Amino acid sequence: MSYLKFDKTLLINLEESLTREVLRTNRKGAYHCTTIVDCNTRKYHGLLVMPVPWLDDDNHVLLSVLDETVVQHGAEFNLGLHKYSGGTFSPNGHKYIREYAMEAVPRTVYRVGGVVLSKEKIFSHTDNQILIKYTLLDAHSETKLRFRPFMAFRNVKELTHVNGSANQSCREIPNGVKACMYPGYPELHMQFNKPPKFVYEPCWYRDIEYPKEQERGYPYKEDLFVPGYFELPIRKGESVVFCAGDILREQLADLPAFFDGEVSERTPRSNFYNCLKNSTKQLLYNPKGNDLYMLAGYPWFKVRARDLFIAMPGAWLCTDEKGIFERLMQTALPAVRAFMRYGRTDAVIREIDEPDVLLWIVWCIQQYRLKNGLEEARERYGALVEEIIEYLVTQQHPNLKWTDNGLVYSDGRQKPVTWMNSMVDGRPVIPRSGYIVEFNALWYNALQFYREMKHPGATATVERIVRALDTSFPATFVNRYNYLFDYIDGPNRDWSVRPNMVIALACAYSPLTRTQKRAALDIVTKELLTPKGLRSLSPKSEGYRPNCFGPQRERDLAYHQGAVWPWLTGPYLTAYLSLFGHSGVSFTERMLISLEEEVSLHCIGTLSEIYDGNPPFAGRGAFSFAMSITSVLYVIDKLKAYEVE
């Protein structure tokens, strides 16, 4: 039985099925995404969504959806599904679905009378191409399949409407047609493994609605262009493969074999671990050459420096993919050094100038050392660690300065400098500034790790800063209620109970005593812990907003004011296990089980960026988020030390 399988009862209930999305990607940043009943609910959904770098830096929806129709004895049974104005769904093809399962690839089985048809989708690893294989499992008489392509040719942040500028023409190519609706776009090639009949019948389908955009307060109605339809016969037991992409395929008869070859390279999503491992690989990004990057999430995030270095150890070191980790570091190092030496930011790895990024890089290398030994880490990355520490100790960073007490200071009053970076009306929602708790925890950890890496010994300045921090960190951050201030800016102390303190509890090197750690962890557990991770703010603190939905302004206000962030599960459970050892294993397992439930909800097989702070903890934000996924993989790896399977 499939690990991710949904039956007819759930599939025909649109309140349930439309909330479950599915994602397929390649390493060029292109993807396919929709719901499990193939009804698009976001403007980001599409059958072929891909970058068009000469137009802009965003993705573009070329092919929105392909509606299939089963034709038998002259009767037509349309398997498509769209939401139109007035809450109308048409043509209600979901009522023919019998099951949906995702193992190596998504597979939908339809039953129309005596016809049983399966549909499997895969996205090419190397090219911007979506392939769909239709197999007629059963039929008692002559059967035809008809396909209507719904084209958009637009930016994922926009919507298209009926207009006179669209090029409605199609040109014949082997076993299909190609089209390009607007200048500047690549041609869309739609081909089959055997010759179809194409009937040119141009038509605009108006007022298709995307309820997720309506919920988010954005425009949500779109018109899509259908140039006509393909039709071809199919025999019982036969498979027909459809391919859509930006290149012309030559060996069309080999499409079924190519499809099967791509499937064989996939790891089946047979358990929680495999689901998360697959999801990390979906985030790899290799737009050109040998440079390899990792996206922060889908559908809207690009490569972000902080996210990259937080995610890399869980994604690759904890899944025995050391080679990918090293390739990612090899790509990132020139950008890191260009920033430190020349003050240059990077066009691909964004936000590399944020104050804590260099500290997370040292933490990331520390995880490499724990997996591969001190000597190998020193040989491969020792020079980089030394350069980062030298850069910071000599006060070269524009917004991370250490003071006489050894603590580091950042100015975040006007512009967010931490991962809690939402803004409203041009101002940070949470103006975390001054002595920021996780910055200083990472600073202390980085200096101590540098002492471990440095041969024969650390500099006198580093030794002096570490000694100062041993006293100043607990004196500054530990308050009379035994948790840690979130930040301190001059006389202002933020008493809000926030989860950032767990980073100080989880670092391998910490200036806190065991008693101080346990007291702070107890507060976090009581006030912030949920089944999906840690709340970004305690319900007892002023400004708590548990539900992150609605228009952009409302979401920004709630983003870090109560929303649950699964990525914080990593440092929280790391701290828990380090404090409680074997007695913390069963608690850690229960936490992972509650997160495992999510891989069959929101986006199938992966974890969302955030969840509401109150029950039922609905998934929100990016539906596949690197730090959420990799944080859980990091914890699973930690459990191996306790001989937990």
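Predicted model: local features only at pLDDT ≥ 70, side-chain atom pairs only at ≥ 80, totals over all residues.
Local features are reported at pLDDT of at least 70 and side-chain atom pairs at pLDDT 80 or more, whereas totals for chains, interfaces and linings use all residues. Residues are numbered from 1 along each chain as its sequence is written, and side-chain values use heavy atoms, with hydrogens and water left out.

The structure contains 34 aromatic pairs, a pair being two rings of Phe, Tyr or Trp (its six-membered ring) with centres within 6.5 Å; planes under 30 degrees apart are stacked, over 60 edge-to-face and the rest tilted. One of these is the edge-to-face pair of Tyr44 and Trp300, with 5.4 Å from centre to centre and 65° between the planes. This pair links distant parts of the chain, 256 residues apart: Tyr44 is in the loop between strand E3 (31–35) and strand E4 (46–51), and Trp300 is in the loop between strand E22 (297–298) and helix H6 (305–316). Helices (H or I, at least four residues) and strands (E, at least two) are DSSP runs, numbered from the N terminus. Tyr44 is buried at 7% relative accessible area, while Trp300 is partly exposed at 23%. Buried denotes under 20% relative accessible area, exposed over 50%, and partly exposed in between (1.4 Å probe, protein chains only). Both residues belong to one aromatic cluster, whose members include Phe301, Trp360, Trp419 and Tyr634.

Charged side chains also lie over aromatic rings, the criterion being NZ of Lys or CZ of Arg within 6 Å of the ring centre and within 35 degrees of the ring normal. Lys43 lies over the face of Tyr218 at 4.4 Å from the ring centre, and Arg146 over that of Tyr229 at 4.8 Å.

Helix H5 (residues 272–282) is largely enclosed by the rest of the structure, because eight of its 11 residues are buried. Among them are Phe272, Cys275, Leu276 and Gln282. At the start of H5, a side-chain oxygen of Asn271 comes within 3.2 Å of the backbone nitrogen of Tyr273.

Cis peptide bonds join Tyr298 to Pro299, with omega about 10°, and Pro615 to Pro616, with omega near 10°. Pro299 is in the loop between E22 and H6; Pro616 is in the loop between strand E33 (610–611) and strand E34 (619–620).

Positive phi values occur at Asp207, near 60°, and at Asp320, about 60°. Asp207 lies in strand E17 (residues 197–209) and is partly exposed at 35% relative accessible area. Asp320, in the loop between H6 and helix H7 (322–342), is exposed at 67% relative accessibility.

Terms used. Polar contact = N/O pair within 3.5 Å; in protein donor to acceptor, adjacent residues only side chain to side chain.
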